[in-house]
Amino acid sequence: MFYLSRIEHTLRLPPHLLSLRLEDAVRGELEKLFLDKVIANLGLCISVHSIQSIKDGFILPNDGHPTFRVEFTLIMFRPFVGEIIVAKLKESTANGLRLSLEFFDDIYVPVHLLPVPSHSVPDTGKRDRVMWIWKFPDSDEELVIDGIDEIKFQVHSVNFPPIPIAQPEDSKPFAPMVVTGSIDFDGLGPVSWWVDAEDKDEEPEDP
């Protein structure tokens, strides 16, 4: 889910930062540029881990900004396909579930990757929201995804959509990285489903 990525970048440093230790000034500017940003095909930057080198400081003509070639390592978030992750429910709509890790919210479980058979009912008091319900196989029991407990999902895909040239005013915000998850397998879904199932299996039989 997290990994280190080494990057080389040409950094233009504001002159007022030259009073600081060079590495501190460079780190601060790198954090402004990369922290909480998605880099295509790499993932979401969580932190600047370390700086390997700061080289070739020069000032262009008619420019008071020193420029450096910096080699550094970032801590990145990019889950791998098949990975099991625990998240919280953010939204539940007719299109499926949206999950959150607090620092990353673009995780979607579409309807076809929910447990089968599942159906939705309106979530009273929440406009355009539903609650998804899974009918447990060979049983009359129905299990609700209500957002109270955490949800365990498996990563189905990780995509980096191309940046649109223009977006309609009523469209949802652009997501530079989208994780699609599945909960259609034993052990996935709200964690309480399987804790309750284990408790029932462990109940002693009447003599």
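Biologist: How many aromatic pairs does the count come to?
Modeller: This is a predicted model, where local features need pLDDT of at least 70, side-chain atom pairs count only at pLDDT 80 or more, and totals for chains, interfaces and linings use all residues. Residues are numbered from 1 along each chain as its sequence is written, and side-chain values use heavy atoms, leaving out hydrogens and water. Rings of Phe, Tyr and Trp (its six-membered ring) pair if their centres lie within 6.5 Å, with planes under 30 degrees apart called stacked, over 60 edge-to-face and the rest tilted. By this rule the aromatic pairs number eight.

Biologist: How many residues apart in sequence are the parts that Phe34 and Phe72 tie together?
Modeller: Phe34 and Phe72 make a tilted pair, 5.4 Å centre to centre with 50° between the planes. Helices (H or I, at least four residues) and strands (E, at least two) are DSSP runs numbered from the N terminus. Phe34 belongs to helix α1 and Phe72 to strand β4, so the separation of the parts they tie together is 38 residues.

Biologist: What is the relative accessible area of Phe72?
Modeller: Buried means under 20% relative accessible area, exposed over 50%, and partly exposed in between (1.4 Å probe, protein chains only). Phe34 is buried at 12%. Phe72 is buried too, with a value of 0%.

Biologist: Which helix holds Trp193, the partner of Trp134?
Modeller: Trp134 and Trp193 form a tilted pair, 5.3 Å centre to centre and 35° between the planes. Both of these residues are buried. Trp134 sits in strand β9, so the pair links parts 59 residues apart in sequence, and Trp193 lies in helix α2.

Biologist: Which residue in β9 stands opposite Ser118?
Modeller: Two strands pair if DSSP finds at least two bridges between them. Strand β8 (residues 118-122) and strand β9 (residues 130-135) are joined by five bridges in the antiparallel sense. Across from Ser118 stands Trp134.

Biologist: Which residue takes a positive phi in the hairpin of β9 and β10?
Modeller: Four bridges pair β9 with strand β10 (residues 142-145), again antiparallel, and Trp132 stands opposite Ile145. This hairpin has six residues between its strands, and the residue with a positive phi, near 55°, is Asp138.

Biologist: Which strands stand at the edges, each with a single partner strand?
Modeller: The open sheet has four antiparallel strands in the order β1-β4-β3-β2. Two of them have one side left without a neighbour in the sheet, because each has a single partner: β1 (2-12) and β2 (38-39).

Biologist: What angle does the direction of α1 make with that of β3?
Modeller: Strand β3 (residues 43-59) runs antiparallel to strand β4 (residues 66-77), joined by eleven bridges, and Cys45 has Met76 as its bridge partner in β4. Contact means heavy atoms within 4.5 Å, while axes are lines fitted to C-alpha atoms, for helices over the stretch in contact, with angles from 0 to 180 degrees between N-to-C directions. Helix α1 packs on the sheet, touching β1, β2, β3 and β4, and its direction makes with that of β3 an angle of about 130°.

Biologist: Is Glu29 buried or exposed?
Modeller: Glu29 lies in helix α1 (residues 22-34). Not counting residues up to four places away in sequence, Glu29 touches Leu11, Leu13, Pro14 and Leu17. Its relative accessibility is 12%, so Glu29 counts as buried.

Biologist: What share of the 207 residues of the protein counts as buried?
Modeller: The protein has two helices and 13 strands. Of its 207 residues, the share that counts as buried is 36%.
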